[in-house]
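Please examine the sequence and the model before reading each solution.

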Amino acid sequence: MGDRYTEDIYNDFIQYKNKVYSQSNMTYRKYKDVINPNNYKRGIKGDKYQLDHKYSVVQGWIDKIPIEIMSSIHNLEMLTITENNKKRINCSISKEELYELCKKNIWPKKTFHIYTDERGKIHG
């Protein structure tokens, strides 16, 4: 059971990651002037920049953050390749900050609900 369970978890993560990346690229194309106002060149080598998730995709999967939030304009930023490689799976924004930005700016009338429980923990 262990190997199959591990494979299922891995496949679930890969599916989540691919959906986040796909949706993030659509968000980038739609809001490029906001996410990348300096029109930095994107790439994987040299002095190029990469689209980064402030709240990492790995942590988003662990915390079950919806793909819509992970790929929102509020979670995307441009980093140099060096900066992004140093950051790796770390987050440069807290889950609470990310939810608060999304709550205020992109879902005021949608049926997506973000709420805080009696202990102050944010849920989405």
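**Exercise 1.** Determine what share of the protein chain counts as buried.

*Solution.* Buried means under 20% relative accessible area, exposed over 50%, and partly exposed in between (1.4 Å probe, protein chains only). By this rule, 33% of the 124 residues of the protein chain are buried. The model is predicted, so local features need pLDDT of at least 70, side-chain atom pairs count only at pLDDT 80 or more, and totals for chains, interfaces and linings use all residues. Residues are numbered from 1 along each chain as its sequence is written, and side-chain values use heavy atoms, leaving out hydrogens and water.

**Exercise 2.** State how many salt bridges a search of the whole structure finds, and describe the pairing of Lys87 with Asp52.

*Solution.* A salt bridge requires a side-chain nitrogen of Lys or Arg within 4 Å of a carboxyl oxygen of Asp or Glu. In one of them, Lys87 meets Asp52 at 3.2 Å, N to O. Lys87 belongs to helix α5 (residues 81–87) and Asp52 to strand β1 (residues 49–53), so the pair ties together parts 35 residues apart in sequence. Helices (H or I, at least four residues) and strands (E, at least two) are DSSP runs, numbered from the N terminus. Lys87 is buried, at 12% relative accessible area; Asp52 is buried too, at 4%.
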